[in-house]
Amino acid sequence: MSETEAAQDRACKISARNFSFFYGEHCALRDINLEIKRNQLLTIMGPSGSGKTTFLRSLNRLGDLIPGTRHEGSLEIDGTDVYSPGVDVADLRRRVGMVFALPVALPMSIFNNVAHGPRMQGIRHSKKLEKIVEKALRDAILWDEVKDRLSDHASRLSGGQLQRLSIARVLALEPEIVLLDEPTSGLDPISTLKIEELLWELVDRYTIVLVTHNPLQGARIDSETAFLLMGELVETGSAYDIFTRPKDKRTEDYVSGKFG
Amino acid sequence: MHNKETLIQWLLATVALSAIAVLALIIIFIFKEGSPVIARLGLAKFITGTKWSPTRGMFGILPMILGSVWVTLGALLIGVPMGLATAIFLAEMAPPGASRILKFAIQLLAGIPSVVFGFIGLVILVPFIRQWIGGPGFSVLAAAIVLGIMILPTIVSVCYDVFKAVPEAYREGMLALGATRWQTIKMVVLPAAKSGIIAAVILGMGRAIGETMAVIMVAGNATKIPVSPLEPVRTLTSNIALEMGYAIGEHREALFATGIVLFIIIALLNTLARIVARSEKV
């Protein structure tokens, strides 16, 4: 690794500069300036409709799927704008994995749910696939619960297991960035805790962006935190700062539960 | 209030039962009219006989059974891939505006009377086949092409609805894994829609095997077993429609017996398709 690369390595992974995103006339994100470092866990908090999900969906360009959307400013990963014309969107989405609020079981077995992504990349060797699947399921702390029934249909898993399966599916692609869009909103407290703990184990290897509408979750995870409100980035800082000495009145109101 | 409820319930039940009663009457009638001749000739001789010559008292309908089978299979071979491709394009790829216009056009296709399809086949397709491909033009091929186009609206609209019913979360989940549009369709949308696609094929098959007018006009209607797609052919439905006007006595009974065979074939196909559709569901 050359020196400049090493320098870039320590520098930011994701950087938004004056980034705005529009659905038709509606401005969902306004002039966002945000830097996320490599191997950082960033929690984006904010009430519904604040633009959190739009931000995630801009990063892997799932937002493009809706007709009539456009953006302004730049949104870079490793210094390359994700919207520049040379970007291979499918490749971008492999590098930027996403876990959705509602866990999705693709209509196939547990094994195939995880093996699917690597297979699409052209990995056919069954021993190799088995290894990848086991590693991804172990990383997602699901292996012990499903190792004896990998050929079961994935829809038989519980909600919490299914969400960890979704995480395993993303990890199997060895992405650089993992985006989680309110991954625990449909889960019970124990499953929620499992996933929150999992995040801290994964952050050594991935850059993670978590979105939550729940300030309590933001406090529990205790990471770098950004607060979004009505498309505007109000404040960023460590969870400690945001929760104990917020600079902005709106942040204070939100973390103290006055709205949200 | 309660009386009104009961009244409506009885009314609806009566209407529903009378629909079923009509079906039962039709079945009883064709069996009553057709079974004596089958009993006299023997079932095996009737359905495996290769000579149909009413004036000489020969009633073998194997050519017509095979005719219906070839023509229907041919129609499916043409209509299913085309219909499926159209539905995939409309539901998954076309911009919403274009999709709406194309869907409307295909629904118009369903409104064209079958005699018009037959007429176009007669004046364009039959001469084309005669001149460029060979044979007399009136053929299995001509009938299959005309029927293939006629079943398109059924297959497209059923498949379209089935694709639209596949949860958006499957597509997003796949795309987020770095799948291309086509990989998403191939690996998630089509498998999830499989039983619906089979239902579309059954409906198309039902339409193809039952269609009479358009087939009579382009198939040539010869009562011999076709050995090539370019030879003329007569289907079971054509057999009944062509001769019903002047048939009397045993000949008339034999036409009803043709109806029995048609009825049984359709019932078997439907049952088979249902079994397939059920076993495909995970």
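Predicted model: local features only at pLDDT ≥ 70, side-chain atom pairs only at ≥ 80, totals over all residues.
## Where chain B meets chain A

Let's start with the contact between the chains. Chain A puts in 18 residues and chain B puts in 15. On the chain B side, the elements giving two or more residues are α8 (168–176) and α9 (181–192) of chain B. The top contributor there is α8(B), with 6 residues. Sort that side of chain B by class and you get 10 nonpolar, 4 polar and 1 charged residues.

## A helix pair in chain A

Two packed helices are described by the angle between their axes and the distance between the axes. In chain A, take helix α4 (residues 110–120) and helix α7 (residues 159–171): their axes come within 7 Å and cross at roughly 30 degrees. Angles under 35 degrees count as roughly parallel, so α4(A) and α7(A) are roughly parallel to each other. Their crossing is right-handed.

Who does the touching? From α4(A) come A:Ile110, A:Asn113, A:Val114 and A:Gly117, and from α7(A) come A:Leu165, A:Ala168 and A:Arg169. By class, this contact has 4 nonpolar, 2 polar and 1 charged residues.

## A helix pair in chain B

Now over to chain B, where the axes of helix α4 (residues 96–111) and helix α7 (residues 152–165) come within 8 Å and cross at roughly 140 degrees. That angle makes α4(B) oblique to α7(B). The crossing of α4(B) and α7(B) is left-handed.

Here α4(B) brings B:Lys103, B:Ile106, B:Gln107, B:Leu109 and B:Ala110, while α7(B) brings B:Leu152, B:Pro153, B:Val156, B:Ser157 and B:Tyr160. The class tally for the contact of α4(B) with α7(B) is 7 nonpolar, 2 polar and 1 charged residues.

Methods
Residues numbered from 1 in each chain as written. Chains lettered and ligands numbered in written order. Contact = placed C-beta atoms within 7 Å. Helix = DSSP H or I, 4+ residues; strand = E, 2+ residues; numbered from the N terminus. Nonpolar A, V, L, I, M, F, W, Y, C, P; charged D, E, K, R; others polar. Axes fitted to C-alpha atoms, helices over the stretch in contact; angles between N-to-C directions. Parallel < 35°, antiparallel > 145°, perpendicular 65-115°, else oblique. Left-handed = near helix turned anticlockwise from the far one by under 90°.
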